[in-house]
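Have the structure open as you read.

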Amino acid sequence: MSVSDIDLIQAWRQVLTLSKLEAGQTVTVLTGADTHPQTLRCAIAAASDMGARVNRLDLPPVNAEKSLSRDSLAYLGTTPLTGNPAAIAALKASDLVLDLMTLLFSPEQHEILSGGTKILMAVEPPEVLCRLVPTDGDRARVTAASALIEAARTMHITSQAGTDLRCALGEFPAIREYGFVDQPGRWDHWPSGFVLTWPNEGQSQGVVVLDRGDILLPLKEYVDDPIRLSIANGYVHAIEGGLQADILREYMASYEDPEAYAVSHIGWGLQPRAHWSMLAHYDKESHIGMDARAFEGNFLWSMGPNNEAGGSRTTACHIDIPMRHCTVTLDDTPTVIDGVVQDTEGLARARRQAGLEGIVA
Ligand SMILES: O=c1ccc(O)c[nH]1
């Protein structure tokens with residue numbers, strides 16, 4: 001169902017206020033062929049009403065003929081900014097970029113952020129943006145969880161279905177996604193509400209068993225027959241199961257890139273207003289599945305690049321896999337037990353009291 005311009009403008013005002021937008025600052029709204037007109041209209045109205053100088057940069061689409069999926073996250077690495085110094089210059093000269101096109105996992109995104117420009121991505125449908133408008137409580141919850149990751153050296157993921165995956169941590173930072181950009185040089189994605197990191201390169205071992213109801217993105221399918229993924233030295237080397245395993249295998253093989261099978265980000269969902277069941281109600285091409293990535297208590301892991309974290313691995317293929325009913329343990333502390341997020345603030349307090357290093361504000 002649709003939302004009114006008033007509701008969406010108010011949601012944009014909340015996000016831009018949390019992002020510390022100031023009158024006189026320059027906002028550039030980055031758009032593409034699939035940008036939602038109401039999202040664009042209301043973003044410009046809210047930023048202008050807050051006294052910003054608002055530009056719009058519209059870029060032509062790329063990669064469609066290379067991908068089997070129409071999802072904007074299905075083919076990563078090259079974007080309409082690739083080899084486009086004039087467009088990059090305009091964005092680097094802006095205080096805030098509202099990415100209504102999808103720059104995620106692109107080298108150009110890092111170049112733009114490095115100069116202090118903030119980038120906020122927002123491509124979900126307007127009603128999803130309104131339902132998942134971020135709050136400072138989201139930031140606090142995600143930040144507390146990131147402190148636990150920063151202090152940990154191992155993440156161990158298990159489930160009744162048979163998942164038993166161990167990842168060494170420490171080489172990459174924790175990444176907080178809470179839906180607004182309150183610091184210079186920060187990137188975030190509205191809607192979100194989850195914490196993630198990358199395992200040390202080559203140091204993930206074990207097996208992931210996808211059970212009924214776990215989700216494959218960008219395929220946007222709920223797994224109905226178990227899929228077993230075997231992992232050694234940071235790479236998935238076997239994907240076994242029924243029809244959906246066949247579909248996943250062929251989809252990934254279409255990229256003809258061994259890096260597609262590397263374990264990418266790992267973490268868990270912290271957004272109570274996101275819902276596991278949302279995919280059942282939406283046309284696959286109408287959204288990119290952020291409810292699935294963010295619902296509270298999921299274990300979200302992925303395959304593909306690690307350049308987002310500062311790694312050197314890039315690949316166009318990126319598979320996100322939110323799972324239910326997992327237990328996520330950092331060193332000896334369970335942060336999620338059978339899909340239920342533990343008292344993260346309490347856990348962080350406990351670690352501080354125990355004098356464990358690495359707790360960040
Ligand atoms: O916001 C996002 C979206 C996709 C992804 O893989 C990570 N973060």
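A word on angles before anything else: under 35 degrees counts as roughly parallel, over 145 as roughly antiparallel, 65 to 115 as roughly perpendicular, and the rest as oblique. Keep in mind that this is a predicted model.

Now take helix H3 (residues 85-92) and helix H4 (residues 107-114): their axes come within 9 Å and cross at roughly 40 degrees. That's why H3 and H4 are called oblique to each other. The crossing of H3 past H4 is right-handed. On the H3 side, Ile-88, Leu-91 and Lys-92 make the contact, and on the H4 side it's Glu-108, Glu-111 and Ile-112. Sorted by class, that's 3 nonpolar and 3 charged residues, with no polar ones.

The whole structure has 17 salt bridges. One of them pairs Lys-220 with Asp-71, with the closest N and O atoms 2.5 Å apart. Lys-220 sits in the loop between strands E11 and E12, and Asp-71 in the loop between strand E2 and H3, so the pair ties together parts 149 residues apart in sequence. Lys-220 is buried at 8% relative accessibility, and Asp-71 is buried with a relative accessible area of 8%.

## Pairing within a helix

Asp-138 and Arg-141 also form a salt bridge, at 2.6 Å from N to O. They're 3 residues apart in helix H6 (residues 136-151), so about one helical turn separates them. Asp-138 is buried at 3%, while Arg-141 is partly exposed at 24%. Arg-273 joins Asp-138 and Arg-141 in a salt-bridge network.

Key. Residues are numbered from 1 along each chain as its sequence is written. This is a predicted model: local features need pLDDT of at least 70, side-chain atom pairs count only at pLDDT 80 or more; totals for chains, interfaces and linings use all residues. Side-chain values use heavy atoms; hydrogens and water are left out. Axes are lines fitted to C-alpha atoms, for helices over the stretch in contact, and angles run from 0 to 180 degrees between N-to-C directions. Helices (H or I, at least four residues) and strands (E, at least two) are DSSP runs, numbered from the N terminus. A crossing is left-handed if the near helix is turned anticlockwise from the far one by less than a right angle, and right-handed if clockwise. Contact means heavy atoms within 4.5 Å. Ala, Val, Leu, Ile, Met, Phe, Trp, Tyr, Cys and Pro count as nonpolar, Asp, Glu, Lys and Arg as charged, and the others, Gly among them, as polar. A salt bridge is a side-chain nitrogen of Lys or Arg within 4 Å of a carboxyl oxygen of Asp or Glu. Buried means under 20% relative accessible area, exposed over 50%, partly exposed in between (1.4 Å probe, protein chains only).
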